[in-house]
Amino acid sequence: MRRRHLLAASAAVLATPGLARAQAAVTMRLSHQFPPAHHNARVIASFAEDVAARSNGQVQVQVFPAEQLARAGENFPGVARGSFEAAAAVNFQWGTTLPEMNAMTVPYFFTDFPRIQRFIGSDAARFLEAALERRAVKNLMWLYTTRQSIFTSGRRPIVNLEDFRGLKIRGLNALTDHALTAVGAAPSSMPGPEVPQALQSGVLDAGLTDLSAAVSRRFYEIQRFGTVTPYFAVISHVYVNPRWYNGLRAEHRAAIDAAARKAEQDQLRVTEETAAAAVTELRAKGMTIHEQTPQELATWRAAMQQPVIDAFLRIAPEGGARILELLRGIPAA
């Protein structure tokens, strides 16, 4: 109900002649799921300010964080249909709608920071951007979100593979959950905002999230242990309605694009800094943190990676092998 009121209120304001003249020439409503304290949310908020500055106030980005405008699953159809102009998503949320977007979430496949830095503008990025356009949305910017995950638990730490057995754990989607079932866990896929309540109520025994989300969503209040590992990369992105974007004046598109390029670069730095600070803060809040050793990493990779690759190639028979090849081809130095 609240989301409908927000949309109706925006339309009413813009439909009022006197107010419309006082408004900026262009309004871009941007929906996302991240809580305001999350580093993605902070970068998106800065992007909005930058767009206004570069356009001399002629383009206003109205950001709706924490699912205030639409739920995570409603963002793609909302933007594609033109109900609002833009949204952000994490790559794995595309599931089987656009399975190639899941390639970075193959465990221990694409977690080297130098390669992640080179993803923006790469052939791999262009391949995915073209795939998004075929789904009636235009990619605006890539926001590197994490390469460090944390497995949280309340009863005992998750260190060895046998610690997964029987755990009801937060999954990401049907694809990446193959890694968890391969080690005996019982994953349940759900969006990040729903995980804390599921942990608190006992629907889940264990969580899986990125380090900054473990802080911003206060996992330390409901989980005692955390294991930090470069499990996979999550690269979020902001996409827009192409009809709306193509209808903008050239100078307005230029302001949005320039702010997006700056946000992409800012996000690389912010994400790395946020991850380092998150480990320190989680410890300070009382969580017992275990940082995975190289030997443990190799053991987890051997058990978890291939089942996901096999499943990925099954659900993405046309472009799956190609995007894996393109990601492998991004140099580390």
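The secondary structure of the protein chain comprises 13 helices and eleven strands, where helices (H or I, at least four residues) and strands (E, at least two) are DSSP runs numbered from the N terminus. This is a predicted model, in which local features need pLDDT of at least 70 and side-chain atom pairs count only at pLDDT 80 or more, while totals for chains, interfaces and linings use all residues. Residues are numbered from 1 along each chain as its sequence is written, and side-chain values use heavy atoms, with hydrogens and water left out.

**Overall form of the chain**

- A compact globule of 333 residues would have a radius of gyration near 20 Å, and the protein chain agrees with this, as its value is 20 Å. The radius is taken over C-alpha atoms, and the globule rule is 2.2 Å times the number of residues to the power 0.38.
- Along the principal axes, the C-alpha atoms fill a box of roughly 65 × 40 × 30 Å.
- Of the 333 residues, 55% are buried. Buried means under 20% relative accessible area, exposed means over 50%, and partly exposed lies in between (1.4 Å probe, protein chains only).
- Among the contacts with a separation of 6 or more, 77% come from residues 24 or more positions apart; a contact means heavy atoms within 4.5 Å.

**Surface and charge**

- The protein chain exposes about 14100 Å², and carbon and sulfur atoms supply 51% of this area. Accessible areas come from the Shrake-Rupley method with a 1.4 Å probe, and for residues only the protein chains shown count as cover.
- There are 36 positive and 29 negative side chains, and the centres of the two sets lie 4 Å apart. Lys and Arg count as positive and Asp and Glu as negative, whereas His and the chain ends are not counted. The place of a charge is taken as NZ of Lys, CZ of Arg, CG of Asp or CD of Glu.

**Helix H3**

- Helix H3 covers residues 39-54, and at 1.5 Å a residue its 16 residues should span 22 Å; the end C-alpha atoms are 22 Å apart, in agreement. The expected span is 1.5 Å times one less than the number of residues.
- The buried residues of H3 include His-39, Ala-41, Ile-44, Phe-47, Ala-48 and Val-51. An α-helix has 3.6 residues a turn, so residues three or four places apart point the same way.
- Asn-56 follows H3 and has a positive phi, near 55°.

**Other positive phi values**

- Ala-136 is a residue other than glycine with a positive phi, near 75°. Ala-136 belongs to the loop between helix H6 (123-133) and strand E4 (138-146), and its relative accessibility of 33% makes it partly exposed.
- Arg-218, likewise not a glycine, has a positive phi near 60°. The loop that holds Arg-218 runs between helix H9 (211-216) and strand E9 (225-229), and Arg-218 is partly exposed at 43% relative accessible area.

**Buried residues and their contacts**

- Phe-164 sits in the loop between strand E5 (149-153) and strand E6 (168-171), and it counts as buried because its relative accessibility is 0%. Leaving aside neighbours within four places in sequence, the contacts of Phe-164 include Phe-151, Ile-169, Leu-180, Trp-300 and Met-304.
- The C-alpha atoms of Phe-164 and Ala-182 are separated by 9.6 Å, and the two residues are 18 residues apart along the chain.
- Ser-212 is part of helix H9 and is buried, with a relative accessible area of 7%. Not counting residues up to four places away in sequence, Ser-212 touches His-38, His-39, Thr-274 and Ala-278.
- Thr-111 occupies the loop between strand E3 (86-90) and helix H5 (113-117), and at 11% relative accessibility it counts as buried. Beyond residues up to four places away in sequence, Thr-111 touches Ile-116, Arg-147, Pro-230, Tyr-231, Phe-232 and Ala-233.

**Partly exposed loop residues**

- Thr-97 also lies in the loop between E3 and H5, but Thr-97 is partly exposed, with a relative accessible area of 40%. Leaving aside neighbours within four places in sequence, Thr-97 is in contact with Phe-76 and Arg-135.
- Pro-191 is found in the loop between strand E7 (186-189) and helix H8 (195-201) and counts as partly exposed at 27% relative accessibility. Pro-191 and Asn-173 are 18 residues apart along the chain, and their C-alpha atoms are separated by 9.4 Å.
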